[in-house]
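Work through the exercises below with the sequence and the structure at hand, and try each task before reading its solution.

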Amino acid sequence: MIALIQRVSEAAVNVDGEIVGQIDQGLLVLLGVEKDDDEAKAKRLMERVTTYRVFEDEAGKMNLNVQQVGGQLLVVSQFTLPADTKKGTRAGFSRGAHPADAERLYDYFADQCEALLPTERGRFAADMKVSLINDGPVTFWLQV
């Protein structure tokens with residue numbers, strides 16, 4: 001399971017002209033689910049995302065996590081993250097989970113996040129327009 005996290009001052013997801021998820025300061029989490037992922041991996045990734053220190057403390061060091069700064073999460077499914085891009089000029093998607101499994105684990109991950117802090121979501125398998133202001137920019141790839 002993969003999370004591409006971006007520290008944002010704001011982010012939103014739009015589907016068919018409707019905002020379905022929107023946050024202020026926090027993390028935009030692009031979530032990719034792979035074939036062998038399960039609830040244990042989803043929970044471990046949630047723990048990493050919510051405790052990863054990407055926000056600055058009073059000394060300007062990245063020592064604070066999203067919970068410590070009172071931030072929010074916007075979780076967006078991203079089936080292209082597990083793509084195989086090692087060769088050629090077209091991505092292969094055989095490493096991604098079956099859509100039903102991916103949706104179940106996406107919901108599980110977001111539910112686990114929501115139990116800890118304010119969490120918004122995109123819409124699984126929709127054509128989403130994601131807008132954000134990446135604060136820094138700060139972006140990290142987390143994988144379990």
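**Exercise 1.** Describe the surroundings of the largest pocket, beginning with the residues nearest its centre.

*Solution.* Ser77, Gln78, Phe79, Thr80 and Phe124 lie nearest the centre of the largest pocket, whose lining has 19 residues. A pocket here is an open set of points on a 1 Å grid over the protein atoms alone, where a 1.4 Å probe fits, with protein on both sides within 12 Å along at least five of seven lines, and lining residues have an atom within 4 Å of a point. The model is predicted, so local features need pLDDT of at least 70 and side-chain atom pairs pLDDT 80 or more, whereas totals for chains, interfaces and linings use all residues. Residues are numbered from 1 along each chain as its sequence is written, and side-chain values use heavy atoms, without hydrogens and water.

**Exercise 2.** Characterise the ring pair of Phe79 and Phe93.

*Solution.* Rings of Phe, Tyr and Trp (its six-membered ring) pair if their centres lie within 6.5 Å, with planes under 30 degrees apart counted as stacked, over 60 as edge-to-face and the rest as tilted. By this rule there are three aromatic pairs. In one of them, the centres of Phe79 and Phe93 are 5.3 Å apart and the planes stand at 45°, so the pair is tilted.

**Exercise 3.** Is Tyr106 buried or exposed?

*Solution.* Buried means under 20% relative accessible area, exposed over 50%, and partly exposed in between (1.4 Å probe, protein chains only). Tyr106, with 2%, is therefore buried, whereas Phe124, at 23%, is partly exposed and Phe79, at 62%, is exposed.
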